[in-house]
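Colleague: I am new to this structure and would like to go through it step by step. Please show it before we start.

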Amino acid sequence: MAGHERFRFKNQTAFLDKARSLGLEIPFSQDIGILFEKTQIAGRTLSNRLASHPMEGADAEADGAPGELTLRKYQRLAGGGSGLIWFEATAVTEAGKSKERQLWLSKRSLDGFKRLVEKTRSAARRSAGLDHDPLLILQLTHSGRFSRRSGVRAPVIVHHSPILDPLLKIPSDFRLARDEDLDAIQEAFISAAKLAAEAGFDGVDIKACHGYLISELLAARTRPGGKYGGPFENRSRFLVETVQNIRIVVPETVVASRLSVYDAIPYPHGFGVNKNDCQKEDLDEPKALIQKLVEMGISLINISIGIPSHKPHLGRPFDKPVPGTSIPDEHPLVGIDRLLRISGSLQQAFPSLPVVGTGYSWLRQFFPNVASAVIKAGKSSIIGLGRESLANPDFARELAEKGALDPKKTCLACSGCSRLLRSGGPVGCIVRDKGVYRIGKAVSDESFDKAR
Ligand SMILES: Cc1cc2nc3c(=O)[nH]c(=O)nc-3n(C[C@H](O)[C@H](O)[C@H](O)COP(=O)(O)O)c2cc1C
């Protein structure tokens, strides 16, 4: 296996030579015009094919409403010109939060979310040079086994995992959530989708990735009996019915889902894994799931892989790991190739369903070339940027105006934002936005005002 290396490429030739030496065919296009072609989602026109991925900030007010830093982040992103803004993980119940200051949408916090949408839309309108009205999707979540109350773990688990239970110190006799508990959580997703529409979002994402509740349900083969465990039909029931019910109850809203289609947890406890070798994906079940979601009227999917607390490099290839965690024995380009292959395979299986691809921030100034080639090959419709959108929220505007990204502004994949998230937030870029975000230091009002 090719070992880990940091991003050190003087130019395109060096980058492409490295990919070739690793035996990878990373697609690459000099012409990046396709990124600025308009595209349609559920009858709405996006002014370009660039998206900011959901990036949790852990900067909400005590009642879950967006805080000042939340507003700042989305106003900057809206001014930055991407066609789609995918808002971060927002809990549908208090018990479903994974951080004290995670966003939480409820009747109490609704006005704060209305303000967030208004401020985001007006920042987009003010942004010069790009004719766009970005699609605003809010990610709805229940954190499942990663839930916390007042900073203390309060897991909600649907099956026992020999890999994840020890990682989170969950005892083997810990009580599983009952079907009735899950039914109530499903109701909370539907109520939150109604509130999101009331707040002015164009759509909602029913989060089914990264090991959180719905993602865990997809892998609940060993869950005993009942509605939600065992056969694929039961494991996919929660997500499929949630989408179906939201389509009925809030028909005007766009329904999307961010899916972890491969979690690298050994069978029978993982999802999208090869039965004999969890290092390899098996996309049969993810494809069957997406087929069901299409039948229920889903308009958009966003593909991710992995569970960050288990193998963070799978979903977010990095240069430096979070301190105290290990460096993978895998070149980041090998990880990017896997992400491109998997989302490409799903886009090709569902050519008329827009797929948002993941895994581009590590590529820095070369991401637009790779992204354009991926879209041209029909292997994703929209390209999402996570860490890059914190480092350089103007990436879409910069590309539209200058045709290239300034390497001095890009994300360095240093895991600084992940460190901030682990320590409870607030989360942002410690390199490119260091006036506001610093490791080990609370953000002072003064530094925040300066950076504004
Ligand atoms: C600090 C941080 C917060 C994140 N928050 C979310 C989130 O709220 N929801 C989600 O689906 N993914 C979240 N992710 C994953 C990103 O959306 C994205 O998939 C990942 O960073 C890989 O994309 P990139 O290479 O462009 O950064 C987060 C990642 C990081 C590092």
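Modeller: The ligand is surrounded by 24 residues, and the closest are P54, Q139, S361, G386 and R387; a residue counts as near a molecule if one of its heavy atoms lies within 4 Å of it. This is a predicted model, in which local features need pLDDT of at least 70 and side-chain atom pairs count only at pLDDT 80 or more, while totals for chains, interfaces and linings use all residues. Residues are numbered from 1 along each chain as its sequence is written, and side-chain values use heavy atoms, with hydrogens and water left out.

Colleague: How many Å from an oxygen atom of the ligand does a backbone N or O atom of P54 lie?

Modeller: A polar contact is a pair of N or O atoms within 3.5 Å; within protein, one must be able to donate a hydrogen and the other to accept it, and residues adjacent in sequence count only if both atoms are side-chain atoms. For E56, a backbone N or O atom is 2.8 Å from a nitrogen atom of the ligand. A polar backbone atom of A89 is 3.1 Å from an oxygen atom of the ligand. For P54, the distance from a backbone N or O atom to an oxygen atom of the ligand is 2.7 Å.

Colleague: With the side chain of which residue does the side chain of D179 make a polar contact?

Modeller: D179 lies in helix α5; helices (H or I, at least four residues) and strands (E, at least two) are DSSP runs, numbered from the N terminus. D179 has a relative accessible area of 14%, so it is buried. Not counting residues up to four places away in sequence, D179 touches R223, G226, K227 and Y228, where contact means heavy atoms within 4.5 Å. The side-chain polar contact, at 2.8 Å, is with R223.

Colleague: Is P224 buried or exposed?

Modeller: P224 lies in the loop between α6 (213-218) and α7 (232-235). Its C-alpha is 9.7 Å from that of L176, a residue 48 places away in sequence. The relative accessibility of P224 is 63%, so P224 is exposed.

Colleague: Why is strand β10 largely enclosed by the rest of the structure?

Modeller: On one side of β10 are V254, A256, R258 and S260, on the other V255, S257 and L259, and all are buried. In a regular strand the side chains alternate between the two faces of the sheet. Strand β10 (residues 254-260) is largely enclosed because the number of its 7 residues that are buried is 7.

Colleague: In β11, which residue is the bridge partner of A256?

Modeller: Two strands pair if DSSP finds at least two bridges between them. Strand β9 (residues 203-206) runs parallel to β10, with 3 bridges, and D205 is partnered there with A256. β10 also runs parallel to strand β11 (residues 300-304), with 5 bridges. The partner of A256 in β11 is L300.

Colleague: In β9, which residue is the bridge partner of L140?

Modeller: Strand β6 (residues 135-141) and β9 run parallel and are joined by 4 bridges. Both faces of β9 are covered, with G203 and D205 on one side, V204 and I206 on the other, and all of them buried. The β9 partner of L140 is I206.

Colleague: Which residue has its backbone oxygen 3.1 Å from a polar atom of the side chain of Y262?

Modeller: Y262 is in the loop between β10 and α9. Its relative accessibility is 2%, so Y262 is buried. Leaving aside neighbours within four places in sequence, the contacts of Y262 include F271, C278, Q279, I305 and R338. The backbone oxygen at 3.1 Å belongs to Q279.

Key: Buried means under 20% relative accessible area, exposed over 50%, partly exposed in between (1.4 Å probe, protein chains only).
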